[in-house]
Amino acid sequence: MKPFTEITGQVLPLDRANVDTDQIIPKQFLKSIRRTGFGDNLFDGWRFLDEGSIGQTPNERRLNHEFVLNDSRYQDAQILLARENFGCGSSREHAVWALLEYGIRVVIAPSFADIFFSNCFKNGLLPIVLKENIIEKLFELASREQAVDLTVDLPGQRVVLPDQETVLFDIDPNRKHSLINGLDDIGLTLAESERISTFEAGYRQRMPWLFREAEAAAAATFSNTGDSE
Amino acid sequence: MSGKTLYDKVWDAHLVGQRADGQSMVYIDRHLLHEVTSPQAFEGLKLAGRKPWRIDANLATPDHNVPTDNRAAGLDGITDLIAREQVVTLDNNCREYGITQFDILDPRQGIVHVIGPEQGATLPGMTIVCGDSHTSTHGAFAALAQGIGTSDVEHVLATQCLVQQKAGNFTVQVDGQLPELVSAKDLVLAIIGAIGTAGATGHTIEYRGSAISALSMEGRMTLCNMSIEAGARAGMVGVDDTTLAYLKGRPFAPSGSLWDQAEAYWRTLVSDADAQFDRQLVLDAASLVPQITWGTSPEMVIGVDAAAPDPRAAADAQEADGIERALTYMGLSANQPISGVSLDRVFIGSCTNSRIEDLRVVASVVSGKKVAKNIKQALIVPGSGLVKAQAEAEGLADIFVAAGFDWRAAGCSMCLAMNPDRLQPEERCASTSNRNFEGRQGHAGRTHLVSPAMAAAAAIAGHFVDVREVA
């Protein structure tokens, strides 16, 4: 995972509440078996007037000029400003991949949906929760004639506004540590392999009905119609 | 010290401990896999040279992409080559690692959240994960079941653990008796309407009360399924006789003395009488009416006897803007009564409502009647191959076909329209699925979420109608 320390970047104001992951990346793009190729379809249903399919490039599409992503002011955006409950709905991590690939490194909102929030940290996308009054001020700033830049300083847990006002934010210290150091989440857990094995052995004693490889295998071959190829 | 909630008990039983960085490691008993959110996880595993921790904890099936017709053709029936590659990739990964899969030709294939319980692969007290937000369904069995992203799919494959923070406890207490033809679907829609789509964010919901005890397992699954639409990653119902009766004799469930041993433990999987909840909602089942969503979020829901809202009556400008946008998208006007709104398609299916009980209700409403002429398509997609076979054996399929419904093979189908079943722009659909987001059932399509009984009545009438007046 790419480490995250500090960025200074342009703010893209997306003034909608309850933005769901179906809007962030619509289902027709989830057929890919890869982790990349989603950035051109970020907010596809809002960004384009025609229905897109996998493999099209944006210049083959009809742009929706009313949508903020297509506003000439925000073409270098790295910070997405959103309303409450951002990322609700489907667990698709493709939503995070699409944001990152488009160039977004930070999402600022008054609240996030749980699964999306968790998915962000696995990929080096920083979700920041700020109070409504600050969000309101940021929307006002970001909607002006000239786009604005913010500095997001993760070690200092602060957002610096253009007028040098500094807003502090909370973050789980473990998640912060992982992001700053770009740590391998699976590697961290595998370092505890011995404890997991010890737990599993005791658990197997207590709940033997959950460890039934032989029976499961027998059940799996029951009425199987065979080879799928 | 106060007692434990059901969620506390299942959490505590699976807590491996704190990782070096202080985060909790929770042991996972069952990992369900499907074709859409697993390929990148398997690839990640391979690239890092890692192996799955415990093969027998995994169970896989293709469901999101599979076509619901021409299924005898198997993989050749998937005409979308990109979708086909995804299903083939799941086949290959399962074969390579020896993971049990009910593949596209297996009679047990189906929606992952239907087949888990159906096989007894979902058991009380389990921790269950799947790269799908509707994993909350399995909480009906007093399991802690949560949707996860693809990075966590890889993490669970590699370590058999999920690293997360414990959520809060939220109880939804529902007493009284649901009126006839008012179902678990109406109940959960009413709950989401009451607390909103972020109402239970950061919490696990436990559904309790006499109305919940009276629900079948199918009803409880419908209820827990849509917990995520209220913001909760997991929803749960405590173990009772209904739970155990459903599971007994299922292929993956224990039998003999192992069952007895398990049952003794499972019986403890209810919240203690003195358990404390962080938040609660109390509802009276007897006052519920059938629910219909009018907008583009599950919280935009009203009773069948009500009208779409008026943005001028909104609390603030932002809410007014949201209502306005949803009305425009849905092609409705402010204060328009929902009953009488004309429909183009009807979809009965999805992990919310595609089980045998759902199909029986539909059959009881449509038996001897005909789908209205203005309905272009009325689709019924069973949740699994076994549900399909059972519906055919019970004569339900004959009733559907005689009434003019399209009777299909199992899969997610038009719930999210990744396969060929979808709405055309501006088509309006009565759907038993779980999400009415913009474009969910097809680009610019208009989705109204309802119960199976209400969808059935709408198919016959050609427009929304109170099923209690026509059944």
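1. A salt bridge here is a side-chain nitrogen of Lys or Arg within 4 Å of a carboxyl oxygen of Asp or Glu. The model is a predicted one, and by that rule a search of the whole structure gives 39 salt bridges over all chains. One of the salt bridges joins A:Asp44 to A:Arg61, with 2.9 Å between the closest N and O atoms. Because A:Asp44 lies in helix H2 (residues 44–47) of chain A while A:Arg61 lies in the loop between H2 and strand E2 (77–81), the pair ties together parts that are 17 residues apart in sequence.

2. How many residues does each chain bring to the contact between chain B and chain A? Chain B supplies 90 residues and chain A supplies 74. The area buried between the two chains is about 7000 Å², and carbon and sulfur atoms give 52% of that area. On the side of chain B, the residues that lose the most area to chain A are B:Gln40, B:Trp53 and B:His443, which together make up 9% of what that side buries.

3. As for specific pairings across this interface, the rule finds 7 salt bridges between chain B and chain A, and A:Lys122 forms a salt bridge with B:Asp152 in which the closest N and O atoms are 3.0 Å apart. There are also 36 residue pairs in polar contact across the interface, counted where both residues have pLDDT 80 or more. Helix H3 (residues 81–97) of chain B gives the most to the side of chain B that touches chain A, contributing 8 residues. By class, that side of chain B is made up of 34 nonpolar, 33 polar and 23 charged residues.

4. Sorted by class, the lining of the largest cavity has 8 nonpolar, 11 polar and 5 charged residues.

5. The last point concerns B:Gln173, which is found in strand E9 (residues 168–175) of chain B. With its neighbours within four places in sequence left aside, B:Gln173 is in contact with B:Arg208, B:Gly209, B:Leu281, B:Val282 and B:Leu283. What distance separates the C-alpha atoms of B:Gln173 and B:Lys388? These two residues are 215 residues apart along the chain, and their C-alpha atoms are separated by 34 Å.

Notes: Residues are numbered from 1 along each chain as its sequence is written. Chains are lettered from A and ligands numbered from 1 in the order in which they are written. This is a predicted model: local features need pLDDT of at least 70, side-chain atom pairs count only at pLDDT 80 or more; totals for chains, interfaces and linings use all residues. Side-chain values use heavy atoms; hydrogens and water are left out. Ala, Val, Leu, Ile, Met, Phe, Trp, Tyr, Cys and Pro count as nonpolar, Asp, Glu, Lys and Arg as charged, and the others, Gly among them, as polar. Contact means heavy atoms within 4.5 Å. Buried area is the accessible area (1.4 Å probe) that two parts lose on being put together, summed over both. A polar contact is a pair of N or O atoms within 3.5 Å; within protein, one must be able to donate a hydrogen and the other to accept it, and residues adjacent in sequence count only if both atoms are side-chain atoms. Helices (H or I, at least four residues) and strands (E, at least two) are DSSP runs, numbered from the N terminus.
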